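I want to jot down what I look up here, chain by chain, and then turn to the pockets.

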Amino acid sequence: MDHLFEIKLTAPWKDQEKREEQLKEFQELLKELWPEVRRRHLFPEIPMPRFDNNHGPVAMEIRNKQIILNLDYIKAMSTILPPSTVLEALLDHGISHYTCCPWDLSTHLRFYARAKEMLGEGDLARKATDIFMDIVADTHAVKERQSSLPLLYKSGVRTGLEELICSLYQRIWGVDLGCPEEDETVSRLATIPYLDKRRWMASLTRFIRGIRPLLEDSDSSIPDEHTRMGQHGFQQYAPEEIEQALRGFAVEAKSPEQFADVLEDLQNQLEVINEDANEGMGHGAGKPVDANRLYYMKLAENYALPLRKKEMKGSGYLHPHSHRPWEVCQPFQDLDPWCSFGKYLPGITQVWERREGQIYGKTEKTPNCLVIIDSSGSMIDPRNHLSYAVLGGGCAADTYLRHDATVAVYNFSDALAGGRELLPFTRSRSLIYKVLCRYFGGGTALDLDEVIGVAEESEADIFLITDMQITNLDQTICRFSRLQNRVTAVHVGNKSGALRFIKGSVKNQNISVFGVNSSNDIPRIVLGSVRNYLAAK
Amino acid sequence: MFNPFEDFKDFLAKVRGLPLDQLAAAHDQVIAELASGYGKLVEQELKSLVWFVEHNRVIEAYKTATEVIQDIGYDAHSIEDFCYVLDSGSDIPYLISGPAGIYVAALCNHTSEDQIVLRLGEMQRTLHFLGYRLPHGKSLRIEGDAGNFTGSALQGGEITVTGSTGDWTGAGMTDGKITIHEHCGRNTGEWMQGGEIWVGNRIRGLGRMTAGRIYQGGEPVAGDTIG
């Protein structure tokens, strides 16, 4: 079966003490080799590798940037090669994953998404991605870091797939690895420019096309640990890196579905921060992260909107300004014991002198925001396609949250018939996106009494995003124009209602209307709306 | 004076040359030459904005394609990669299915390999005229779908399509065998003078054939054995 199982048979570990001794020997060797290997790789910032004392079928794995070496594998290979050669080769491989390919989670995710798109199955995609990254990392190590990897690949028994990869290495490295003459697949794969980073996606596509029959061949029974280097899962990345990669992937994903599909596959391995976590205690099993919500959250993080704070009246509060010595005739309430050496003595004890602040009569503050989003049947379903309404609403909500304000969301379809959801003012980003991503898909009517009530009571800014195909549009314009609140209205598309809304609100100073005609406009319009609004003031 | 970068000095010179460098560069060169050849064909053929499928025009296009590829050293994998370059439209500004298919057919017919596999399942568009004039002794396996006029004027070669083909499949073929695993379109076997067409599923319409046989799902539906 697998060569590693054979290794187990030839090198059994019966004596625990002997095992401990071996471990110490290898640890000493590792201490000697590690600085030199790091030097060859130009001193990458990764922690000292460690040995895994468990029996495992693969040579190494990487977790949180740390290379974990399999003691059994190294011991077994040490009967064929010098231990230092085995260790160096494994370290070269591991470090090359860190310094060359995939380099970061963003690249890894892109590879996986492309592979999944081509192969359909998550397992196959993971295998194809791992093998491709192994080839790139190994080739990089051999070409640029004088690695002893060829010696490692030359030794030991090989599985079917490993045989193919070794044949490929033999061809592209120009080193005799004892493989038979190359076959059709190898000549296909040998012309791929593995080390050209700019063409990695195209190279991966060609690679998968070449290797696909082998991967899909059910008789070949490729095990999970399909090569001696094993799987390179997504556990190796830090939480900050995951956040950053998801932001990037949200932009690159072809649709919310693709994002959700990939995330679903990797949910167990990627430790995505669940923003529901701090919403209080309770019972019941944890829910997986809603991928659609996460998609819009990550996508919106790519846009930072400027927002000027609203002018409000100052309080005229007298603030402590400076110290002066306390005299016996003065009151005690302004004493500052912290600056008085702990004594109550005239001339030594300090007292606060209060002055009125230099204010201009008005201070700036960010009002709260009521996001009103249309999710009627005429709007795009955010689960299947990128909804610019949800994205725009998310960007606006994020902006207010960043300015320490709170956000309420009113998601409506036919509100009068019950198709509405109102989220009260909150700072929970997760809840906000949950309501934003809800899709009713029915008719379109606003419950104006409810909306106006919330707006008047809170004095919040209103951000309305809709296609303006609202049945009670005239009443909406009329009621909005009477409000004191700032209203930013964005219409998606150029339907007849949009023109009516523009005409109806043109005289109102508190309403700014912006349109979206092409797919990429929403984020810009949202940015523009704030800027234009400020300019208008 | 102490050089703080002393440790790094010897690293710069130790980059090792691998055969991969030459293999990848040679492949890129071949693809560039194939693209250039296609450009010449299009220049020659595209006098107007529309390319009509006329008998003489097809023959003329094939002749031009044969001439432009004469000096290019390529293999079957390069043909497949070139198809994807055509499809991506990044290096070649326009893909015209007719001339592009004739060009690919000419490449298949003149490669030194007898067995050609084109994995075209990932392509966004389909190419017409694939397998045009495929000579005796050569086999072409297309994994994915093919467009119209697949295997037209077939001259003894064997074509297998794992997906479906468009209209006019095997039009004017004189000898050889076309196997389609899925469906094929209208006018299948039009002007067919010999050979066999095997279709796994639906045939949308049969053409007027002179000789040869057409099978659907293993059963003969037209040709010498019928009526």
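How many helices and strands does chain A have? I count 19 helices and 13 strands, taking DSSP runs numbered from the N terminus (helices are H or I with at least four residues, strands are E with at least two).

Housekeeping before I go on: this is a predicted model, where local features need pLDDT of at least 70 and side-chain atom pairs count only at pLDDT 80 or more, while totals for chains, interfaces and linings use all residues. Residues are numbered from 1 along each chain as its sequence is written, chains are lettered from A and ligands numbered from 1 in the order in which they are written, and side-chain values use heavy atoms, with hydrogens and water left out.

**Chain A.** I looked up burial: 53% of the 537 residues are buried (under 20% relative accessible area, 1.4 Å probe, protein chains only). For contacts (heavy atoms within 4.5 Å), I took those with a separation of 6 or more, and 72% of them link residues 24 or more positions apart. The accessible surface is about 25200 Å², with 50% belonging to carbon and sulfur atoms (Shrake-Rupley method, 1.4 Å probe).

**Chain B.** Here I find four helices and seven strands, in the order α-α-α-α-β-β-β-β-β-β-β along the sequence. Buried residues are 50% of the 227. Of the contacts between residues at least 6 apart, 34% join residues at least 24 apart. I get about 10900 Å² of accessible surface, 50% of it from carbon and sulfur atoms.

**Largest pocket.** A pocket is an open set of points on a 1 Å grid where a 1.4 Å probe fits, with protein on both sides within 12 Å along at least five of seven lines; lining residues have an atom within 4 Å of a point. The volume of the largest one is about 930 Å³, meaning the space filled by probe spheres set on the points. Its lining has 31 residues, and A:R114, A:M201, A:A202, A:T205 and B:S88 lie nearest the centre. Two or more lining residues each come from α5 (105-119), α10 (200-216) and α11 (239-252) of chain A, and from α1 (19-45) and α3 (76-88) of chain B. α10(A) gives the largest share, six residues.
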